[in-house]
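Colleague: I have just opened this one and would like to be walked through it. Could we begin with the enclosed spaces?

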Amino acid sequence: MKKQERPYLRHIKYREKVGGKLPVPSVIDVHVVGSGARGAPRSLLLTTNHSKYLFNCGEGTQRIASEFRMRLSKLENIFITHKSWDNIGGLLGMGLTLQVMKVPRLLIHGPPGVESVIMMAKGFAESPNIVLEKKELDNGTFTDTSLQIDYVPFYKKGFNPEKRCLNQDEKAVEDSQVKKKQKLVSEENAVAVAYICKPFPTQRKIILEKCVDLGVEVGPLFAKLKNGESVTLQNGSVVHPDQVLSDPETPSPILIVECPSEDYLDSMLASPQLETHQNCSDTDLNKPALIVHMTPLQVYKREEYQSWMKKFGPNVHHLVLNELTSEIMLEGVYRYQTQLNLVHSTIFPTLAHHPHSSQSEQVQSNDMPAETGAGCETTSVVMGCTNLRYQYRPKKEFVWDQCIRLDPEAYIAEALAQTDVKEVLDDLQQELKAMHSSIQQAKSNSHRAGMYPRFVFLGTGSSVPSKGRNVSGLVVHLSDDATVILDCGEGTSGQLYRHYGNEAGHVLRTLKAVFVSHLHADHHMGLFSLLRDRQAALDASKQEMTPTLLLAPIQLARWLRFYDEHVEPIKSLFRHIPLQYVLSHMLELPVNANMYADILKELSLSEFVPVEVEHCPNAFGLSMVHKDGWKLVFSGDTIPCERLVNAGKDCDILVHEATHEDNLEEEAHQKRHSTTSQAIDIGQRMGAKFILLNHFSQRYAKIPVFNDLQSTNVGIAFDNMSVSMCELPLLPLFIPALKALFAEEHADLEAISIKRNRRKELQEKLSAQIRS
């Protein structure tokens with residue numbers, strides 16, 4: 001029998017050592033991870049000395065936590081307020097991150113069936129070993145040594161939980177299997193959960209001055225008094241604990257509430273568990289210290305909801321996480337893009353950011369008030385922002401010092417202060433001026449004045465999002481009114497909003513197709529947000545909803561059907577055309593030929609060729625030829641693939657994955673990826689006019705390691721890079737400037753690479769000696 005691996009995390013070892021009997025934490029914070037604004041998750045981290053508790057985990061939660069070093073190794077419990085993608089879209093990425101940290105298990109709390117989504121999604125991970133468990137609402141509460149968390153379910157209008165309980169067995173007999181399944185899913189989606197967090201009181205502290213006055217000497221008597229025991233002094237006097245201890249703490253609860261839609265409002269307003277905490281005096285133990293509102297704007301602004309908030313009375317803090325809040329959630333993205341903008345102002349444009357609320361604007365100023373009275377006359381209401389903290393213990397107050405303040409001037413000064421950067425940038429500008437006339441000539445000779453196609457990279461990293469690179473996502477603008485997205489990993493919608501700002505709606509409305517290369521999570525877990533945001537953009541402009549083409553492996557259909565049945569209806573938002581159906585040898589079937597013709601018509605193509613590549617089962621690259629004559633090849637994930645070479649002959653641009661550096665060729669082969677030199681070799685063999693390297697390992701957060709590129713037709717992709725076909729020849733000129741701009745990171749990576757090479761050489765010598 002295989003011995004179970006013991007966890008090495010120190011806090012878990014210590015907890016086991018003391019039998020789980022940990023002291024009540026002296027520090028409790030409520031930490032905003034995502035503010036709930038457009039493109040941002042609404043998620044919250046409650047932290048204590050011993051543990052962390054996450055409330056909701058939408059797309060991008062893991063990336064924010066990683067950037068701001070929120071130390072997730074103590075996270076073992078995730079609480080979901082409602083089964084919607086906004087709350088669970090980041091669960092798989094979070095689970096994979098915790099798995100790497102050796103967190104032994106993850107306990108999911110929330111509505112019925114919420115765990116089924118992540119269990120289904122685990123199949124898209126390359127090594128899904130995280131242990132997931134579900135704590136059902138019937139348990140009523142969750143308790144550990146730090147706090148008690150009560151579950152408060154409330155229900156969608158028309159749903160009767162008591163009737164469900166009484167008739168469940170009877171109906172199970174009567175209904176068919178299909179009807180039972182539909183009924184169960186309907187019930188799962190009709191429940192929302194609020195959470196009442198009740199911290200346990202801390203142990204009372206010894207007041208040294210009182211001990212001195214009463215003659216209690218430092219020593220064993222202190223421990224007895226702290227434990228509530230009376231002690232007898234040598235002079236015979238008796239000292240009781242109340243004489244020398246601080247006043248007992250009376251912890252106030254923290255409420256976390258999401259009313260998902262107007263359909264849930266009546267049930268929430270009528271909840272007796274929530275009503276217990278309203279109209280309380282300041283000395284009442286039920287009076288909340290903080291109420292966190294994850295309620296969407298259309299419900300939050302309703303008069304009934306605002307009146308309900310006021311019933312909690314004065315001296316209660318309200319924290320709002322919804323569309324009213326600031327969109328700024330990743331400072332690193334803005335820093336890198338501002339510095340890249342020094343290299344080229346249009347290929348690396350500055351990013352849009354929209355702090356919607358007045359509070360968000362104040363967050364970026366030096367004089368930052370702790371609260372504002374907006375939205376509710378008799379209570380203090382704060383609009384959340386990433387990294388805002390509410391300090392519950394030892395002192396109840398908002399702490400703003402870690403909130404994001406964008407400072408473009410400081411980012412530029414930081415870049416220019418590095419050795420040789422200014423000189424290298426000056427040299428680059430001279431080279432760009434020398435090429436200006438030839439680029440303009442190329443634009444005038446090309447189709448549509450050189451504007452199209454335009455390639456916008458929303459994600460250029462692999463596996464999981466990092467501070468510098470999101471996972472796969474490439475927008476290809478075919479024309480003014482036609483766009484296609486190639487792969488859409490977690491957070492693609494957020495990246496789209498950051499890059500395009502107010503133009504994001506137009507991009508979504510013109511989205512004709514989404515191509516998914518294969519079923520690994522980093523290539524399609526952003527699909528549902530993308531489809532829903534497209535629908536919202538069309539609704540906002542009062543345009544008719546037309547399904548976008550979803551060009552993906554047939555195996556994705558099971559996941560699409562599961563989501564449609566268990567989370568929310570989406571099948572009307574897309575038309576799935578399996579890539580296997582439009583392979584060249586399958587086009588003899590009339591139905592497949594019709595699908596193929598629809599693709600060509602919708603995207604204005606003369607050729608669309610999915611290519612079976614060498615990565616995982618049912619992985620595809622793509623070769624497509626536009627009616628204007630240009631040819632694009634997209635590798636997806638693959639080792640060097642001869643089929644891709646043949647399909648991509650004489651293409652105008654090859655976007656090829658280059659996950660690993662050259663001296664990691666063996667690792668690349670094991671994981672079925674390519675190195676930089678292998679990607680370049682593939683491009684040269686197919687006669688590609690330009691090779692754009694993409695999909696880098698997250699160890700290369702800023703710039704990948706590559707051999708000196710002598711070729712004038714090889715470039716490196718970055719997140720938020722926007723480049724037209726005519727501008728591609730400029731990219732090789734950027735490499736010296738990029739190396740100078742990120743010199744410290746590049747030097748560290750090269751040093752690691754040199755050490756790795758030395759170890760490899762020593763191992764080879766040792767092996768040769770053993771053989772001889």
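Colleague: What volume does the largest cavity have?

Modeller: The largest cavity in this predicted model has a volume of about 130 Å³. A cavity here is a set of points, on a 1 Å grid over the protein atoms alone, where a 1.4 Å probe fits but cannot get out, and lining residues have an atom within 4 Å of a point. Grid points are joined across faces, edges and corners, and the volume is the space filled by probe spheres set on the points.

Colleague: Which residues are closest to its centre?

Modeller: Of the 14 residues that line the largest cavity, Tyr336, Leu340, Gly468, Phe718 and Asp719 are the closest to its centre. Helix H15 (residues 331-340) gives the largest share of that lining, 4 residues, where helices (H or I, at least four residues) and strands (E, at least two) are DSSP runs numbered from the N terminus.

Colleague: And how many cavities does a search of the whole structure find?

Modeller: The search finds 7 cavities of 30 Å³ or more.

Colleague: Before going on, what should I know about the numbering and the model?

Modeller: Residues are numbered from 1 along each chain as its sequence is written, and because this is a predicted model, local features need pLDDT of at least 70 and side-chain atom pairs count only at pLDDT 80 or more, while totals for chains, interfaces and linings use all residues. Side-chain values use heavy atoms, with hydrogens and water left out.

Colleague: Now the open spaces: where does the second largest pocket lie?

Modeller: It lies between domain 1 (26-159 + 182-202 + 249-335) and domain 3 (418-755), because both give residues to its lining; the domain bounds come from an automatic or database domain assignment. A pocket is an open set of points with protein on both sides within 12 Å along at least five of seven lines, and this one holds about 1,000 Å³ of space.

Colleague: What lines that pocket?

Modeller: There are 36 lining residues, and Val100, Ser462, Ser463, Val464 and Gln698 lie nearest the centre of the pocket. Helix H2 (61-67) and helix H4 (91-100) each supply at least two residues of the lining.

Colleague: Changing topic, which residues touch the most other members in the largest nonpolar core?

Modeller: Phe608, Leu692, Met721 and Phe734 do, in a core of 87 residues. Such a core is a set of buried Ala, Val, Leu, Ile, Met, Phe, Trp, Tyr and Cys residues joined through side-chain atoms within 4.5 Å, with buried meaning under 20% relative accessible area, exposed over 50% and partly exposed in between (1.4 Å probe, protein chains only). Apart from this core lies another, of 76 residues, among them Cys57 and Leu496.

Colleague: Where is Met721, and is it buried or exposed?

Modeller: Met721 sits in the loop between strand S29 (714-716) and strand S30 (722-724), and Met721 counts as buried because its relative accessibility is 0%. Leaving out residues up to four places away in sequence, the contacts of Met721 (heavy atoms within 4.5 Å) include Ile347, Phe455 and Leu692.

Colleague: Which peptide bonds are cis?

Modeller: One of them joins Arg393 and Pro394, with omega about 20°, and another runs from Tyr452 to Pro453, with omega near 0°.

Colleague: And what about Arg69, buried or exposed?

Modeller: Arg69 counts as exposed, because its relative accessibility is 71%, and Arg69 has a positive phi, near 50°, although the residue is other than glycine.
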